[in-house]
Amino acid sequence: QVQLVESGGGLVQAGGSLRLSCATSGRTYSNYHMGWFRQAPGKEREFVAAISWLGSRTYYADSVKGRFTISRDNAKNTVYLQMNNLKPEDTAVYSCAAVSASTDYTRLSNQRSYNYWGQGTQVTVSS
């Protein structure tokens, strides 16, 4: 099992930045691929970014490529999402998720691939 707790959300003006953190627990934390997803009001949850269990591979949705950066510090059992040049359309609840490192990289953009989820943190970007 793994427990995930997000933090770092808040209200920011368009063009600003936020860094989200996902604190994890469990001795096998580093054996999980990690992803960030978001869900805007009235919308379906969508993929944002993912990182492989050793951090050697990263993946991004086209909508955030070049603006967001996912990283992980396995020694601190923490995954980060640095969000720069935020836009109003980035407003959503952001959740981190974990899946076994046995999962193929090609599946990491699919929310159904993940079996552990945090509660989410609200990000609101004002115009």
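1. Of the 127 residues of the protein, 43% count as buried (under 20% relative accessible area with a 1.4 Å probe and protein chains only; exposed is over 50%, partly exposed in between). Please keep in mind that this is a predicted model, where local features need pLDDT of at least 70, side-chain atom pairs count only at pLDDT 80 or more, and totals for chains, interfaces and linings use all residues. Residues are numbered from 1 along each chain as its sequence is written, and side-chain values use heavy atoms, with hydrogens and water left out.

2. The protein has 11 strands and 0 helices (DSSP runs numbered from the N terminus: E of at least two residues for strands, H or I of at least four for helices). A radius of gyration of 13 Å agrees with the value near 14 Å that a compact globule of 127 residues would have; the radius is taken over C-alpha atoms, and the globule rule is 2.2 Å times the number of residues to the power 0.38. Along the principal axes, the C-alpha atoms fill a box of roughly 40 × 25 × 25 Å.

3. An open sheet of 4 strands runs in the order 1-3-8-7 with antiparallel pairing (strands pair if DSSP finds at least two bridges between them). Its edge strands, each pairing on one side only, are strand 1 (3-7) and strand 7 (68-73). Within the sheet, strand 3 (residues 18-25) and strand 8 (residues 78-83) are joined by 6 bridges. Ser21 has Tyr80 in strand 8 as its bridge partner.

4. Now to the rings: the structure holds 6 aromatic pairs (Phe, Tyr or Trp, its six-membered ring, with centres within 6.5 Å; planes under 30 degrees apart are stacked, over 60 edge-to-face, the rest tilted). Phe37 and Trp117 make a tilted pair, at 5.1 Å centre to centre and 55° between the planes. Phe37 belongs to strand 4 (residues 32-39) and Trp117 to strand 10 (residues 116-117), so this pair ties together parts that are 80 residues apart in sequence.

5. The Tyr114 and Trp117 pair is edge-to-face, because the ring centres are 6.1 Å apart and the planes at 65°. Tyr114 counts as buried, at 5% relative accessibility.

6. One more contact for Trp117: the charged end of Arg45 sits over its ring, 3.9 Å from the centre (NZ of Lys or CZ of Arg within 6 Å of the ring centre and within 35 degrees of the ring normal).
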